Every structure is written in C-alpha cells, then in structure tokens.
Amino acid sequence: MAGNNHSHFQHLYFVLTGIPGLEQKYYWMAFPLGATYVIALLGNAVITSTIKSELSLHIPMYYFLSMLALADMGLALCTMPSVLGIFWFNYRSIAFDACLVQMYFIHTFSAIESGVLVAMAFDRVVAIWNPLRYGTILTSGVVCRTGAVILTRAVCVVFPVPFLIKRLPFYRSNLLSHSFCLHQDVMRLACASTRVNSLYGLVAVIFTKGCDSLSILFSYVFILRTVMAIAAGQGRLKALNTCVSHICAVLIFYVPLIGVSVTHRFGKHLSPLTHALMANAYLLVPPVLNPIVYAVKTKEIRRKLIEMFVQTKITAGG
C-alpha cells in the first residue's frame with residue numbers, strides 16, 4: 001500500500017545546488033557570473049544585429065552564424081534566472097513544473113546549436129568544394145528550410161522528455177546537483193524504474209548529437225581531401241582558414257558536452273564540485289566564447305564591438 005500511495009507523488013519543488021564547497025564565496029562569484037551572462041547576451045546580440053545591418057554579410061555562412069548566436073542566447077537565458085538566483089539572492093528552490101520547462105528549453109536549444117553546427121559544416125563543404133556554385137546551391141530558400149528542419153527536429157525530439165519525467169514518482173530526495181535542471185540530474189532522483197527515460201534519452205542523444213558529430217567529422221574529411229587536391233600551398237591555407245572559426249565553435253560546444261555526458265554516466269565517484277563545474281562549462285562556455293571567436297575572425301563584427309565599447313566609454317565619461 002505504501003508503494004501504491006507514493007506511485008503518483010511528486011515534489012512541489014526541487015532544490016538547486018550552486019558550486020559545492022564554495023558557498024562562502026558566492027558573494028564574490030555573483031558579479032563575475034553576472035558579467036559572464038552580460039557578455040554572452042550582448043556578444044550574441046551584436047552578432048545578430050551586425051549580420052542584419054551589414055549587406056556584405058547577407059550570405060549563407062553568416063545566416064547560419066546568426067542562428068548559432070540565437071541558440072546561444074536561448075541557452076544563456078534558460079539558465080540565467082536560476083543561476084543568478086542562487087548566487088545573488090541565495091534562492092535555491094524551483095517549482096517542479098518550472099524545472100521541467102527549463103529542462104525542455106535547455107535541451108532544445110542545445111539540440112538546435114548542434115544542428116546549426118552541422119549546417120555550418122555543410123556550408124564550408126560547398127564553399128570549398130564548388131565555390132562558383134555556392135550561391136546557387138545555398139539559396140535563401142535552402143537556408144530557411146534548413147533552419148526550419150533544425151528547429152523542428154529539436155522541438156520534436158525533446159518534446160517527450162518532460163512528460164517522461166512527469167510520470168515518475170518523487171518522494172525521497174529533491175536535491176539536484178546543478179544550478180539548473182538537466183534530464184539526467186532530475187531522472188536520478190526518481191523513485192521508480194527510469195529505463196524508459198534512459199533509453200529514450202540515449203536514442204535522442206544519438207539522433208541529435210551523435211549523428212551531428214559524425215556528420216561534422218565526415219564533412220571535414222571531405223574538406224581535407226578537397227583541400228589536399230589544391231595545387232598551390234597558399235590556396236590550401238586560404239581554404240582552411242575559412243574553417244577555423246567553425247572548428248573552434250565545434251570544439252567549444254562538443255568538448256564540454258562530452259565531458260558532462262561522461263561524468264554523468266561514468267563519474268559517479270567524482271566529487272560534486274567536478275560535476276557542477278562540468279555542467280556549468282557545458283552551458284556557459286559556448287554562449288560566451290562563440291561571439292569572441294567570430295569577432296576575431298570577422299572584421300564587421302569586430303568593428304561593431306569596438307564602436308559599442310567606445311560609445312560606452314564616452315557615455316560613462318560624459
């Protein structure tokens with residue numbers, strides 16, 4: 001009877017965890033974290049506004065970059081309320097349903113970013129393999145349809161996840177390991193079999209991140225074969241140089257992702273601090289570093305950032 005009484009019980013809220021062992025330093029960490037979110041949101045907003053206003057950037061490569069920037073802004077906005085709530089106000093509670101909503105959007109924007117990186121890899125393949133037909137292959141219609149497919153796939157694949165969590169009973173611990181809600185973290189607190197959740201989560205990851213990473217890998221194998229066929233050494237360097245920003249974006253996204261996946265599945269013996277740092281890196285590093293990488297490689301974006309910085313100094317001085 002006890003098990004039956006608990007079969008549909010759920011906590012009203014979960015308790016979030018900041019960075020274990022550093023609770024006394026939250027006051028000093030609050031402002032750097034706030035600055036990190038400002039950099040992430042402002043940097044990606046500058047990218048999208050620059051691409052919109054600069055006619056020279058109205059090409060497929062930068063359309064995909066604007067999609068990446070929007071996905072990064074979405075990731076930052078998903079985690080910002082709960083993270084800053086902990087470090088600024090020591091507010092650690094999140095309602096059960098709010099946790100599910102946050103979980104859904106975090107995983108959705110992550111899947112969108114992964115899909116956009118694949119589209120950017122295909123863009124580089126076309127640009128290097130057949131530059132003369134670049135504009136006719138990657139038309140505005142193709143770019144829009146690609147964006148729609150990426151969005152639809154992410155929304156549909158992640159959609160069942162909150163409902164699979166909702167059906168589980170929770171009547172023991174309600175303490176999460178991170179400052180936000182992730183599927184693996186919430187699932188481990190369930191007081192029933194999570195085999196369906198684990199299986200669906202694995203299928204979803206394989207269908208999105210797994211297939212995407214293989215597609216990017218095959219794209220670069222093809223790019224390298226194409227580049228090696230170029231006779232002039234200067235031409236090879238020029239072709240490869242156009243891929244540097246994308247390679248950096250891929251590493252910035254997939255290295256923390258692989259790290260947090262490995263620690264969740266095989267790192268149960270690791271300290272809570274390691275889990276917290278890996279999860280925060282997974283969601284904070286891409287939105288912060290991607291604008292910096294593309295600002296360094298794109299003079300129009302770099303100029304826009306410099307203009308904003310100068311304007312800010314003038315305003316502050318005046």
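Here is a short chat about a predicted protein model.

Student: What are the ground rules here?
Tutor: This is a predicted model: local features need pLDDT of at least 70, side-chain atom pairs count only at pLDDT 80 or more, and totals for chains, interfaces and linings use all residues. Residues are numbered from 1 along each chain as its sequence is written, and side-chain values use heavy atoms, with hydrogens and water left out.

Student: OK, how many helices and strands are in the protein chain?
Tutor: The protein chain has 13 helices and two strands. Both are DSSP runs, numbered from the N terminus: helices are H or I with at least four residues, strands are E with at least two.

Student: How much of the chain is buried?
Tutor: Buried residues are 46% of the 318. Buried means under 20% relative accessible area, exposed means over 50%, and partly exposed is in between (1.4 Å probe, protein chains only).

Student: New topic. Which cysteines does the disulfide join?
Tutor: C99 and C181, with S to S at 2.0 Å. A disulfide here is a pair of cysteine sulfur atoms within 2.5 Å.

Student: And where do those two sit?
Tutor: C99 is in helix α4 (residues 96–129), and C181 is in the loop between α7 (160–166) and α8 (183–187), so the pair ties together parts 82 residues apart in sequence. C99 and C181 are buried.

Student: What about C211?
Tutor: C211 is in no disulfide; the nearest cysteine sulfur, that of C156, is 16 Å away. C211 is partly exposed, at 35% relative accessibility.

Student: Is C243 buried or exposed?
Tutor: Buried, at 1% relative accessibility. C243 is in no disulfide either.
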